[in-house]
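Dear colleague,

Please find below the structure that I am handing over to you. My findings follow it.

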Number of protein chains: 2
Amino acid sequence: MALFGGIEAGGTKFVCGIGTRPNDLEVHAFPTVGPVETVKQAVQFFQVKGGAKLAGLGIASFGPIDLDRTSGTYGYITTTPKTAWRNFDLVGSLSKELALPVAYETDVNAAALAEAEWGVSRDVENSVYITVGTGIGGGVVVKGEAVHGLLHPEIGHIRVAHDLDKDPFTGSCQFHGDCLEGLASAPALSQRWGRPPESLPVTHPAWELEAHYLASAIAILVYTLSPHRIILGGGVMQHDRLFPMIRRNVEHFMNGYIAKPQLREEIDRYIVPAGLGRHSGVLGAILLAGRGYHRRDAQD
Amino acid sequence: MALFGGIEAGGTKFVCGIGTRPNDLEVHAFPTVGPVETVKQAVQFFQVKGGAKLAGLGIASFGPIDLDRTSGTYGYITTTPKTAWRNFDLVGSLSKELALPVAYETDVNAAALAEAEWGVSRDVENSVYITVGTGIGGGVVVKGEAVHGLLHPEIGHIRVAHDLDKDPFTGSCQFHGDCLEGLASAPALSQRWGRPPESLPVTHPAWELEAHYLASAIAILVYTLSPHRIILGGGVMQHDRLFPMIRRNVEHFMNGYIAKPQLREEIDRYIVPAGLGRHSGVLGAILLAGRGYHRRDAQD
């Protein structure tokens, strides 16, 4: 049976995996350093563990990335704030070393697809996966497929209402200042409160403010994409008391305008934690590698 | 050849049409009054003009509307601020009188579909159509189909950044105050400036502020839906000097984060007026009636 390699290429760590689905996944994670050294480590893992058995590789990458196959920079990471990785040919360097067909997707679109295939959004057509960590990103699935268009969703960079009287922090995003990522990512929390989010007590006002900003963004997503489910993951969401606070804020913002039980009495099942835990990204990469393989197989 | 009826059911006027495509369309418009009288006028038009020739009816309605065929209120207009129309069975009352199969969609999704079929978004997969008038609404097309989900897009109700020092107007939306519709619809302009938008001089600061809010919303759409094209229509957009102002603000908000020519030197072709003018809604209704007919035909 064909095995697939998957990489969740994150800004903080690389998660490499081999398998076909959640219950046969073998993973190896290591910190993200410079592109050349990081790619080398990934290649070694797949050569040693995968050997000749791998039928394809999927990459679920932090972004923005170039997904346009007609573009001269297809497969690149593009305007990332991580300067060492800017304009790096991630797909090219891995496919050259491993001699495998490569499927490429954003980390969050891949995670959204994995959750739709095996996780908490199996039973619905349209869903959004949001990760809140070093950055904030969102993946969007419509009718079982990831949404692309001009580029791909970059949900972290939407601008949310920001009352400077109540929250004078001007934001940490180097492109936009106080966009969602600039106000609610882990670095934003660290800068605003002078300490990392994991050290903030549960009663700290940081959490209510965090829930307020994330709920603002979720309300926008309900009005634009109208998903059947919203999945929240990433480091900051490990503070699981955020969930009820976010749900309460979303109900407040919607103010009954969309008369659906999912936004009222069933909101606990509408805004949910990831079902595949920290592996949704790498599983999404494996899923895409498998889909590419079966598509090529069908064409032969 | 089969002819179809279409209705653009708007909050201000009903546009009824008979035909199959833009160049054989015959339209009749009249002001929207109470639901019973308005439906009666539409029925008369289709009975007199369409007679026995109509093979189906499409309705492109203001919203929110219930599009869920499993729901007890399928075909209704639901939580609209127009109280006489709240919870009115629009599909049921028309299909009963005309004895025709009825396709139902939001006015803006229908307009977005018509533009994708015959208008300015013919050449792209994903697009958004926004109308700015009595209300603000948005339709979303992904891969040639209108996006639904939990409900349907309600783009007018996204909350945009609002600096009360620069713009102390608290907003006109009865559900959300200063959401996009509450800040940038025609009634919001009238309330803020004490005169209707069509009477504001071209040099009035109202227009720069209007462009600012619409551009804020467009930037959010680029980050969430990543459309290949954004179409703007509706009464307020008849002030066509808004287009260059909006484009300039969008470039400013994006700040180069998404490195695509469509958001820089080609932005004139990215943010565009409707190609079907004021008829995109009724043409979308006719398009949907036709699609329903051909689907039924294929199943026979």
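**The interface between the chains**

Chain B and chain A together bury about 3900 Å², and carbon and sulfur atoms account for 62% of that area. Three residues of chain B, namely L150(B), Y223(B) and Y257(B), provide 23% of the area that chain B buries against chain A, more than any other three residues. In terms of contacts, 43 residues of chain B meet 43 residues of chain A. Please bear in mind that the model is predicted, and that the values in this message are computed from it.

**Chain A by itself**

Eight helices and twelve strands make up the secondary structure elements found in chain A. The radius of gyration of chain A is 19 Å, close to the 19 Å given by the globule rule for 300 residues, so chain A is as compact as a globular protein of that length. The C-alpha trace of chain A spans about 55 × 40 × 35 Å along its principal axes.

Of the 300 residues in chain A, 60% are buried. Where contacts in chain A link residues at least 6 apart in sequence, 63% of them join residues at least 24 apart.

**Surface and charge of chain A**

Chain A exposes about 12100 Å², of which 50% comes from carbon and sulfur atoms. As for charge, chain A carries 26 positive and 31 negative side chains, with the centres of the two sets 3 Å apart.

Yours sincerely

Notes. Residues numbered from 1 in each chain as written. Chains lettered and ligands numbered in written order. Predicted model: local features only at pLDDT ≥ 70, side-chain atom pairs only at ≥ 80, totals over all residues. Heavy atoms only, no water. Helix = DSSP H or I, 4+ residues; strand = E, 2+ residues; numbered from the N terminus. Rg over C-alpha atoms; globule rule 2.2 N^0.38 Å. Buried < 20%, exposed > 50% of the residue type's maximum accessible area, 1.4 Å probe, protein only. Contact = heavy atoms within 4.5 Å. Areas by Shrake-Rupley, 256 points an atom, 1.4 Å probe, with all protein chains shown as cover. Lys, Arg positive; Asp, Glu negative; His and termini not counted. Charge placed at Lys NZ, Arg CZ, Asp CG, Glu CD. Buried area = accessible area lost by both parts, 1.4 Å probe.
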